[in-house]
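Visitor: Please show me the model, and let us go through the grounds for the terms applied to it.

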Amino acid sequence: PHDVFIQACKDVVKDNMAYVPPYGSGGALYLRPLLFGSGPRIGLQPADEYTLIILVIPVGDYYKGGLASPCDALIIEDFDRAAPRGVGSVKVAGNYAADLLPNMLGKKKGYPIGLYLDAQTQTNVEEFSTSNFVGIDNDAKKYVTPKSPSVLPSITNKSLMQIAADEGFEVERRDIPVEEMERFDEVLAVGTAVVVTPIGSATRLEGDGETVKAKYQFSEEVGTTTRKLYDIVRGIQSGEMEDKRGWNFKVE
């Protein structure tokens, strides 16, 4: 129930108040809810009892200084992150397991992050390894993000969409053909811990896994729109900017 979840979050923060990083440090107390079936059942069927736990850990800036230099992404075509009509839109452990091997292989080739296409047609951009995809077209003032039943809805992306709209951008949630990445000035991987990761390029390899078939180049430095969106989110989180939409939650 919603009320039980909210109360659990409040209680675990109060119980760990000593571990909340001080204001100005750039740190935060990260909450990770975990729900698992705990009933006495071994057969493959829903459990008759579930246990909710919430883990907390103090964390610093994901990247020193708040934003990293843009990193290079590898477009992954020989693995799928989530199946059509599957559970890609749900935060379950299996969704991350599918990325462990391709992520490791990509890093060995020098790509710290992977970009998946839709599993059914391999023609549309879907999601980064652990983050939503956002494309920025500064000339047209557009914020574009995929609309797919296999993508995990990100509260960070939802917040950024609202901020982008407030800043005068046209926000589009729709299919993004992979070739359309040529139009984007800035590309972001967005998620809870990092807020935004700037992406400098996305590379597509031939079947041999070595020859470059296509390379989509974005901003080589942290883009102006990327920086602005990041600064607004962090400003609201830290209380340095007005929380116009009541996103912050007071623990009492």
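This is a predicted model: local features need pLDDT of at least 70, side-chain atom pairs count only at pLDDT 80 or more; totals for chains, interfaces and linings use all residues.

Visitor: How do you know whether the radius of gyration agrees with that of a compact globule?
Guide: A compact globule of 252 residues would have a radius of gyration near 18 Å, and the protein has 19 Å, so the value agrees with the rule. The C-alpha trace spans about 55 × 50 × 30 Å along its principal axes. Of the 252 residues, 40% count as buried. Among contacts with a separation of 6 or more, 65% are between residues 24 or more positions apart.

Visitor: Why is the pair Glu127 and Arg81 called a salt bridge?
Guide: The closest N and O atoms of Glu127 and Arg81 are 2.9 Å apart. The criterion is a side-chain nitrogen of Lys or Arg within 4 Å of a carboxyl oxygen of Asp or Glu, so the pair qualifies. The structure holds eleven salt bridges.

Visitor: What makes Glu127 and Arg81 count as buried or exposed?
Guide: Buried means under 20% relative accessible area. Glu127 has 4% relative accessibility and therefore counts as buried. Arg81, at 8%, also counts as buried.

Visitor: Why is Arg174 classed as it is, and how is Glu180 classed?
Guide: Arg174 has 26% relative accessibility; this lies between the limits of 20% and 50%, so Arg174 counts as partly exposed. Glu180, with a relative accessible area of 11%, falls under 20% and is therefore buried. Arg174 and Glu180 form a salt bridge, their closest N and O atoms being 2.6 Å apart. Salt bridges that share partners join Lys142, Glu172, Arg174 and Glu180 into one network.

Visitor: What makes the contact of Glu252 and Lys250 a salt bridge?
Guide: The N to O distance is 3.9 Å. The limit is 4 Å, so the pair of Glu252 and Lys250 meets the definition. Both Glu252 and Lys250 are exposed, a term that requires over 50% relative accessible area.

Visitor: How many positive and negative side chains are there, and how far apart do the centres of the two sets lie?
Guide: The protein has 27 positive and 36 negative side chains, with the centres of the two sets 3 Å apart. The protein exposes about 14500 Å², of which carbon and sulfur atoms supply 53%.

Conventions
Residues are numbered from 1 along each chain as its sequence is written. Side-chain values use heavy atoms; hydrogens and water are left out. Buried means under 20% relative accessible area, exposed over 50%, partly exposed in between (1.4 Å probe, protein chains only). The radius of gyration is taken over C-alpha atoms; the globule rule is 2.2 Å times the number of residues to the power 0.38. Contact means heavy atoms within 4.5 Å. Accessible areas come from the Shrake-Rupley method with a 1.4 Å probe; for residues, only the protein chains shown count as cover. Lys and Arg count as positive and Asp and Glu as negative; His and the chain ends are not counted. The place of a charge is taken as NZ of Lys, CZ of Arg, CG of Asp or CD of Glu.
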